[in-house]
Amino acid sequence: MTSETPDTLDQAMVRSRGLDTLLRDLTDRAVREVPGAVACSITVRRAGRLLTLAGSAGLPSGLDQRQYENGSGPCVQAAETGTEQYAPDLATETRWPAYTRYALATGVRTVLAVPLDVAGEPDAALNLYGERTGGLAAGRDAARAFAARVADAVTTALHIERRRQSAADVRTALLSRSIIDQAIGILMAHEQIDAGQALERLRRLSQDRNIKLRDLCAQVVARTEDRSSRGRK
């Protein structure tokens, strides 16, 4: 199969509906591109723990999770140390005994874990699995080249995701500010008090009722709009 070009990876990123979709697409591409690979996953540390962000079709359930639970295994070691891990034959592998027994039981015989240089994420790896002893030996160079391109794509996708989240946070903050300002205006008109006094009264009521200030203000605005609507009938 012809190797995917960087342009096609960029196009896939544009087409994808978020990071998860992109990563699933990339793991499937890795299986098609790396000789000997039958399954692939991407590991990244988030919120202090390693997670499998995506896995290709055919990835045995629990294959990565067992490593995270034990704190030991090729993808854990590749992510944490930044060094490539290759096990040509898990039947004779001695570095991760608990993991190798589980992996062999799923039909996996060889593993290659290549660290990913993802900006903003300290630990990440591309994990490839094969069913034949030494089956990934011929694919190591292709795996490294693909990992470099995946790292660039994931870095860009994570950056876009963070920007979208920041924009969503700003919109939420603006909506919160708007609803609070409306409630302050309602209290000022109804109680004949200034803005500072209205805000302080709302804050005290929020604490007394153990309800978020924004939610309390939304209730005040909703009740006022409801009374106004009934008065027009």
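The tour of this predicted model goes from a nonpolar core to a helix and then to a pocket.

Begin by selecting Leu-23, Ile-42, Leu-112, Leu-116, Leu-126, Leu-128 and Val-150, which have the most contacts inside the largest nonpolar core, a set of 27 residues. Colouring by element will show that α2 (19-33), β1 (39-46), β2 (49-55), β4, β5 and α6 each give two or more residues to this core, and that α6 gives the most, with seven. Next, centre on Leu-128, whose contacts beyond its neighbours within four places in sequence include Ala-30, Val-34, Cys-40, Leu-112, Leu-136 and Ala-143. For a second, separate core, of 13 residues, select Ile-179, Ile-184, Ile-193 and Leu-216, which are among its members.

Now move to helix α5 (residues 97-105) and display its buried residues, Tyr-99, Thr-100, Tyr-102 and Ala-103. They lie on the same side of α5 because they cover an arc of only 165° around the axis. Their cover includes α3 (65-70), α4 (74-81), β4 (110-115) and β5 (124-130), whereas the face turned away from the buried side carries the exposed residues Arg-101 and Ala-105. Just after α5, stop at Gly-107, which takes a positive phi of about 100°.

Finally, turn to the largest pocket, with a volume of about 210 Å³, and select its lining, where α6 (140-191), α7 (195-209) and α8 (213-231) each supply at least two residues. Among the lining residues are Ile-186, His-190, Glu-191, Arg-201, Leu-205, Thr-224 and Arg-227; the lining as a whole divides into five nonpolar, two polar and five charged residues.

Notes:
Residues are numbered from 1 along each chain as its sequence is written. This is a predicted model: local features need pLDDT of at least 70, side-chain atom pairs count only at pLDDT 80 or more; totals for chains, interfaces and linings use all residues. Side-chain values use heavy atoms; hydrogens and water are left out. On a 1 Å grid over the protein atoms alone, a cavity is a set of points where a 1.4 Å probe fits but cannot get out, and a pocket is an open set with protein on both sides within 12 Å along at least five of seven lines; lining residues have an atom within 4 Å of a point. Grid points are joined across faces, edges and corners, and a volume is the space filled by probe spheres set on the points. Helices (H or I, at least four residues) and strands (E, at least two) are DSSP runs, numbered from the N terminus. Ala, Val, Leu, Ile, Met, Phe, Trp, Tyr, Cys and Pro count as nonpolar, Asp, Glu, Lys and Arg as charged, and the others, Gly among them, as polar. Buried means under 20% relative accessible area, exposed over 50%, partly exposed in between (1.4 Å probe, protein chains only). The arc is that of the directions from the helix axis to the C-beta atoms. Contact means heavy atoms within 4.5 Å. A nonpolar core is a set of buried Ala, Val, Leu, Ile, Met, Phe, Trp, Tyr and Cys residues joined through side-chain atoms within 4.5 Å.
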